[in-house]
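Have the sequence and the 3D view side by side as you read.

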Amino acid sequence: EEHAEEILGLIDKTPDITIAEIQAHLEAMHGLKVAQSTVWRLLDRHGMTFKKNGARKRAAAA
């Protein structure tokens with residue numbers, strides 16, 4: 001929760017950011033080594049969801 005505002009700000013600036021990228025940001029900027037599940041739980045508490053979109057992975061129209 002200490003960095004919640006910063007993390008939520010990252011998501012506002014970069015809506016397609018991944019949990020792994022958030023994790024890497026925390027380590028690079030603050031020296032924090034956190035599990036992706038820790039980031040996920042923070043996002044869940046704030047009502048944020050990350051869902052995969054299978055259509056985006058396609059090379060051509062389905």
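**Starting at helix 3**

In helix 3 (residues 36-45), the buried residues are Val-39, Leu-42 and Leu-43, where buried means under 20% relative accessible area with a 1.4 Å probe, protein chains only. They cover an arc of only 95° around the axis, so they sit on the same side of helix 3; the arc is taken from the directions from the helix axis to the C-beta atoms. An α-helix has 3.6 residues a turn, so residues three or four places apart point the same way. Helix 1 (4-13) and helix 2 (19-30) are among what covers the buried residues of helix 3. Just after helix 3, Gly-47 has a positive phi of about 75°.

A word on the ground rules. This is a predicted model, with local features needing pLDDT of at least 70 and side-chain atom pairs pLDDT 80 or more, while totals for chains, interfaces and linings use all residues. Numbering runs from 1 along each chain as its sequence is written, and side-chain values use heavy atoms, leaving out hydrogens and water.

Now for the other end: His-3 lies in the segment before helix 1. His-3 is buried, at 17% relative accessible area. Leaving aside residues up to four places away in sequence, His-3 touches Leu-26, His-30 and Leu-32, a contact being heavy atoms within 4.5 Å.

Stepping back, the chain has three helices and zero strands, assigned as DSSP runs (H or I, at least four residues, for helices; E, at least two, for strands) and numbered from the N terminus. Of the 62 residues in the chain, 21% are buried.

How values were computed: Buried < 20%, exposed > 50% of the residue type's maximum accessible area, 1.4 Å probe, protein only.
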